[in-house]
Amino acid sequence: MVSGDGASGTHEFGPIRVSEFGIATCSFKAFTPDMGSPVRITRYPPRWKLAYPIRHYIRVLAPSQAEWDLRDTEEAFSSAYLARMEAIGPEEVIALVRTAVGNGIGVLLCYEDIWNAEVPDRACHRRLLARWLETRASLMIPELAPLRRVRSDAESAGATHEAD
């Protein structure tokens, strides 16, 4: 859900505010068009049909084959990927996103569902890139997810309510 406050040109995603031009991250499956402009940063597009078009692709932000081959060793993958990002530089990364989406919110997409406890966000290159940009460019780059209905304790336990 996006709500604009008009005066300050921000959008609100739950408790997170993203400026009029901003960068956020999300998975292909969790993304909804009201979050911003989808930007693919993967080597290959999803094999399933998406409910939205992806008009922006920044190939240089996707892991290279050599980096991908290191993915089983988290530290080696992170070091190789971030060394390449460092060579590109944070200003250029931001410029690439701005060129792709204009003044909107560029939502960097890849596959990992980091909301799943079995997939730590450190294993995801979009979050690795986000943390690097946060540090190097003093930006806030949130991970977005659609609002989900919170189940009550009774629903979670499978209980049913009987009328008196």
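Reply: Buried means under 20% relative accessible area, exposed over 50%, and partly exposed in between, with a 1.4 Å probe and protein chains only. Helices (H or I, at least four residues) and strands (E, at least two) are DSSP runs, numbered from the N terminus. This is a predicted model: local features need pLDDT of at least 70, side-chain atom pairs count only at pLDDT 80 or more, and totals for chains, interfaces and linings use all residues. Residues are numbered from 1 along each chain as its sequence is written, and side-chain values use heavy atoms, leaving out hydrogens and water.

Me: How is strand pairing read?

Reply: Strands of a sheet pair through backbone hydrogen bonds, either parallel or antiparallel. Two strands pair if DSSP finds at least two bridges between them. Here an open sheet of 4 strands has the order β4-β7-β5-β6, with parallel pairing. β4 (22-27) and β6 (56-57) are the edge strands, each pairing on one side only.

Me: How many bridges join β7 to β4, and how many join β7 to β5?

Reply: β4 and β7 share 6 bridges; β5 (residues 37-40) and β7 (residues 105-110) share 4. Glycine 106 of β7 is the bridge partner of isoleucine 23 and also of serine 37. Proline 38 has valine 107 of β7 as its bridge partner.

Me: Why is β7 described as largely enclosed?

Reply: Because 6 of the 6 residues of β7 are buried, the strand is largely enclosed by the rest of the structure. Ile105, Val107 and Leu109 point one way, while Gly106, Leu108 and Cys110 point the other way.

Me: Which strands does helix α3 lie across?

Reply: Helix α3 (residues 90-101) lies across β4, β5, β6 and β7, running at about 105° to β7. Axes are lines fitted to C-alpha atoms, for helices over the stretch in contact, and angles run from 0 to 180 degrees between N-to-C directions. Helix α4 (residues 125-137) also packs on the sheet, touching β4 and β7, with its direction at about 155° to that of β4.

Notes
Contact means heavy atoms within 4.5 Å.
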